[in-house]
Amino acid sequence: MSEKQAIISAFTDLAPRYEKVVDGELKRFWGWSYDGFIENLIAMTPMAEEDVVLDVATGTSVIPIKLVEQGKIKGQVVGLDITQAMLKRGQQRIAALGKPTCIALTCGSAMAMPFKDNYFDVILCGLATHHLDVPVVLAEMRRILKPGGRLTIADVGGAANWRLPGIRTLIRLGTFLYFWPKEGFARARSEAGALSHVLTPEEWRTKLADYEFTQIDITRLPKSHNWAPAPLVMAARKGLG
Ligand SMILES: C[S@@+](CC[C@H](N)C(=O)[O-])C[C@H]1O[C@@H](n2cnc3c(N)ncnc32)[C@H](O)[C@@H]1O
């Protein structure tokens, strides 16, 4: 099974339980509720009502629904994800709102997004970059953001010593063994494999600058346990040039 197939299989299995499982995991590791974490990501992103917004790796559409419920966006909110089952649940959750919304969901890869250059005012991405090839997705985000457009990414951060071979193997093994009994092989494999995409704040700053993002602001969010990896929020703008 390729890494991509493992991710799709893991999230297909997880889709019906997704919000509950993530809420439990965020509370356990960080002391954040899932709702609180997403509200914080949105609050850290300046937006205007008429903005055209993309949520990359939207999952079950939690971020787009929250944007609409909060009355933040009246223009267009697009959610993109590679796993059909996550989008299907997202579509059901949107329908449960019981009113027309400006949300559109699209199945596709964040590594080759089916959108025009310079299209979005705002791009958000929550809890997903550890499943993505970060340089490739940053190049795509830069391509489809308008000049001056805003990007906010929230995800788990790493520590510099995670790159040491012995430590990396131990963390990978620990991650696999944590997820396997609870969530099955595909999720265990995809979470353990994701470790190589987890970046430190310094690595995020360098990578965002490499892709010509400006006004880079990286916040380490509070967490409840010293041993847990820190949640990070990366906010930046696409340069005007
Ligand atoms: C942990 S979930 C995060 C979902 C949502 N952003 C949230 O905040 O709850 C990770 C999501 O990334 C999606 N994903 C993984 N690889 C992807 C890719 N290459 N392109 C688009 N979506 C991807 C998965 O299908 C899954 O829905």
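1. L127 is buried, with 22 other C-beta atoms within 10 Å; buried here denotes 20 or more other C-beta atoms within 10 Å of the residue's own, exposed 12 or fewer, and partly exposed the range in between, with C-beta atoms placed from the backbone. L127 lies in the loop between β4 and α6 (134-144), where helices (H or I, at least four residues) and strands (E, at least two) are DSSP runs numbered from the N terminus. Although L127 is not a glycine, it has a positive phi of about 55°. Most residues other than glycine have a negative phi.

2. The model is predicted: local features need pLDDT of at least 70, and side-chain atom pairs count only at pLDDT 80 or more, while totals for chains, interfaces and linings use all residues. Residues are numbered from 1 along each chain as its sequence is written.

3. N118 also has a positive phi of about 55° without being a glycine. This residue is found in the loop between β3 (103-107) and β4 (120-126). N118 is partly exposed, with 13 other C-beta atoms within 10 Å.

4. Around the ligand there are 20 residues, of which A57, G59, T83, A110 and G126 come nearest; a residue is near a molecule if its C-beta atom, placed from the backbone, lies within 6 Å of it. The elements giving two or more residues to this shell are α1 (3-14) and α4 (62-69). By class, the shell holds 13 nonpolar, 6 polar and 1 charged residues. Ala, Val, Leu, Ile, Met, Phe, Trp, Tyr, Cys and Pro count as nonpolar, Asp, Glu, Lys and Arg as charged, and the others, Gly among them, as polar.

5. Within α4, the buried residues are V62, I63, P64, I65 and L67.

6. The axes of α4 and helix α3 (residues 34-43) come within 10 Å and cross at roughly 65°; axes are lines fitted to C-alpha atoms, for helices over the stretch in contact, and angles run from 0 to 180 degrees between N-to-C directions. The two helices α3 and α4 are therefore roughly perpendicular, given that angles of 65 to 115 degrees count as roughly perpendicular, under 35 as roughly parallel, over 145 as roughly antiparallel and the rest as oblique. The crossing of α3 and α4 is right-handed, meaning that the near helix is turned clockwise from the far one by less than a right angle, whereas anticlockwise is left-handed. On the α3 side I38, E39 and I42 meet V62, I63, K66 and L67 of α4, contact being C-beta atoms, placed from the backbone, within 7 Å. This contact of α3 with α4 has 5 nonpolar, no polar and 2 charged residues.

7. α1 and helix α8 (residues 185-194) have axes that come within 8 Å and cross at roughly 125°. That makes α1 oblique to α8. The crossing of α1 and α8 is left-handed. E3, A6, I7, S9, A10, D13 and L14 in α1 meet A186, R187, R189, S190 and G193 in α8. The contact of α1 with α8 divides into 5 nonpolar, 3 polar and 4 charged residues.

8. R150 lies in strand β5 (residues 145-156). Is R150 buried or exposed? R150 is buried, with 22 other C-beta atoms within 10 Å. Not counting residues up to four places away in sequence, R150 touches T45, P46, V122 and R237.

Definitions and conventions: Contact = placed C-beta atoms within 7 Å.
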